[in-house]
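Let's walk through this model together, one neighbourhood at a time. Please keep the sequence and the 3D view open side by side as you read.

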Amino acid sequence: MDKLNYGVIGNCCTAALISDKGSIDWLCFPNFDSPSIFASLLDREKGGYFGFEVSPDYQISQSYVPHTNILSTNFVSEENEFAVVDFMPCYHLSDASNCYRPAEIYRYIRRIKGTPRFKINYEPAPDYARGKTIFNTTSEYIETYSTSNSKDRQYLYSSLPLHKILEQKEIILAKDEFLLLSYNEKVIPVNIEREKLEYCRTLVYWLNWTDRTKKFTVYNDVIERSLLVLKLMSFYNGAVLAAITTSLPETIGEVRNWDYRFCWLRDASMSIETLFQIGHIGAARRFEAARRFMRFVQSTFVSQHDTYQIMYGIRGERKLTEVILGHLSGYKNSRPVRIGNDAYHQLQNDSFGYLMDLIYQYYRLMPGTLDEVEDMWEMVKSILTNVMIDWKKPDKGIWEIRGEGQHFVSSKVMCWVALDRGARIADLLNKPTYRRRWSEEATVIKENVMKNGWKEEMQSFSQAYGNSDLDASLLLMEPYGFIDPRDIRYHKTVQAIKNALLYKGLMYRYKSHDDFGLPSSAFTICTFWLIRALYVIGEKEEARSLFEEMLHNSNHLGLFSEDIDFETKEQLGNFPQAYSHLALVNTAILFSEEDIRLFFK
């Protein structure tokens, strides 16, 4: 069983995937969306990697340093033992508002017992392996760059002899050693003492971060790991990535391979709201991530443009041109490998519902200055002007259908959410004219959905007005307040979706043909949506049983990708997936809160 057995490390600028054997198989420098340095994840022969070679008698295990994003890979034989501790420096400077996040990875090689022997396989392939890698060795470092882009360079420092690394000669570990891979040439001495200092500072940063996070009666470890993942995927400026990888296929051998290293308004809003609602204790820390995201949204929307997109680059870029890297074979030979994402110009009417729900929480809970409040109000008015027009149009929906647009029920529902939250904001700001206008339009949308979305012959809401298909996104009608969980129509819809889309403990998004054929893998977040839906309609035992079963589908470190194979339970799709982890958190909290209620009965 292959569960994408990778750990992730990062520092809110970039991240790396490290295999359960200690090999860095995915890394982009200096940022999440930069060209890869190591990409053997997408091509074992050409992609590049950075690992350790040991004799077969070693047992290898992997775990996180508790409560952190620092990863330890342990190599144990009968007589020898050592650990490779991987981290990206991340810590506050003397000015607590600034954080040190250099584009570099430390690999601390800790001798535990005996005299371990190993070889280091250092095979960088910069610029997505588009050119030949050039090596330049000095007395201080090994410099590398690609013939296709000589401007981006990498520097490997080490306490080990550099020629032994390059020549892949056997190394006998007599004491602690280190490796440092940096995007920049260092201007201060690099030694083991420096490595230990960086480790301690980074350790304290993550321990402080998790210490400020709420604790729960059950599933606390699961919740904490997911929150750490979500934090890792939050770019320092407030943007939130959907995932740190590109082109990991939804199904092996098929073509649903996308670049997820961008900020979708939908995914980001949901991630931030999760951190916002159950994240840090204390007002200042609790609002930190939400405030940064709001500033990112404001700078992207208001300052530069009056038209909106469903997604942006992590620095607010609007053009995300899709390019195929034909020289890479893809994950398990699943071509194509894509960078960029053409979905950026799609119309997805649901996106602003998630964003407006978060903005409403901002107005209700966050202390903002007058200029921030007024800037946000201008953005609210601008967004809802678009929603008032666009909700009547067909769109591509939450699943980014690349064929003909349809009147998706979930899109209409989230347009209702956008206007409903806008009306509530207007009420908070004493703007009765806007409140009345948006509230009236929200009522029109709800009546429209009840008339055209409910199918009497199915005894369920349908995916779109023009079809009788079932879709897991219909389960979101309840958590966003569009329909009461006691409404018989919601009960019947939940049961119909479960009967049609639940298979071997996992959920299809939908089972209708789209522009790429019939979906053949489970979409991770949809199973969590079903668990919540079952819980709120009173099927709590079934919900908890399904949740426990779902947890077994994570990898060895508790991480989830976008998709799961129904038969083998292999993790598929981009990894780790913010969408999956935010849903896991929100679902786990249900059972924790239930335990608290039972305790105080």
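Y122 is buried, with a relative accessible area of 3%; buried stands for under 20% relative accessible area, exposed for over 50%, and partly exposed for what lies in between, using a 1.4 Å probe and protein chains only. This is a predicted model, in which local features need pLDDT of at least 70 and side-chain atom pairs count only at pLDDT 80 or more, while totals for chains, interfaces and linings use all residues. Residues are numbered from 1 along each chain as its sequence is written, and side-chain values use heavy atoms, with hydrogens and water left out.

The structure holds 37 aromatic pairs, where rings of Phe, Tyr and Trp (its six-membered ring) pair if their centres lie within 6.5 Å, and planes under 30 degrees apart count as stacked, over 60 as edge-to-face and the rest as tilted. The F38 and Y122 rings have centres 6.3 Å apart and planes at 70°, so this pair is edge-to-face. F38 sits in strand β4 (residues 36-38) and Y122 in strand β12 (residues 117-123), so the pair ties together parts that are 84 residues apart in sequence. Helices (H or I, at least four residues) and strands (E, at least two) are DSSP runs, numbered from the N terminus.

Another pair joins Y141 and Y157: with ring centres 5.5 Å apart and planes at 65°, these two are edge-to-face. Y141 belongs to the loop between β13 (133-137) and β14 (142-146) and Y157 to strand β15 (residues 149-158), so parts that are 16 residues apart in sequence are tied together by the pair. Y141 is buried, at 10% relative accessible area, and Y157 counts as buried at 4%.

Now turn to the loop between β3 (24-28) and β4, where you will find N31. P30 has its place in the loop between β3 and β4 too, and the peptide bond leading from F29 to P30 is cis, with omega near 0°. N31 counts as buried at 18% relative accessibility. Not counting residues up to four places away in sequence, N31 touches C13, T14, F235 and R315, where contact means heavy atoms within 4.5 Å. N31 and I314 are 283 residues apart in sequence, yet their C-alpha atoms are 9.4 Å apart in space.

K21 is in the loop between β2 (15-19) and β3 and counts as partly exposed at 47% relative accessibility. Leaving aside neighbours within four places in sequence, K21 is in contact with I60, T73 and F75.

Next come the helices. The axes of α5 (residues 265-278) and α8 (residues 351-365) come within 8 Å and cross at roughly 30°; axes are lines fitted to C-alpha atoms, for helices over the stretch in contact, and angles run from 0 to 180 degrees between N-to-C directions. α5 and α8 are therefore roughly parallel to each other, given that angles under 35 degrees count as roughly parallel, over 145 as roughly antiparallel, 65 to 115 as roughly perpendicular and the rest as oblique.

For a contrasting direction, look at α13 (residues 524-536) and α14 (residues 540-551), whose axes come within 7 Å and cross at roughly 160°. These two are therefore roughly antiparallel to each other. On the α13 side the contact is made by T524, T527, F528, L530, I531, L534 and Y535, and on the α14 side by K540, E542, A543, L546, F547 and M550.

Aromatic residues of this contact return in a cluster: Y219, F528, Y535, F547, F560 and F591 form one aromatic cluster. Y219 lies in the loop between α3 (192-211) and α4 (220-232) and counts as buried at 14% relative accessibility. Its phi is near 60°, a positive value in a residue other than glycine. N333 also has a positive phi of about 60° although it is not a glycine, but N333 is exposed, with a relative accessible area of 60%.
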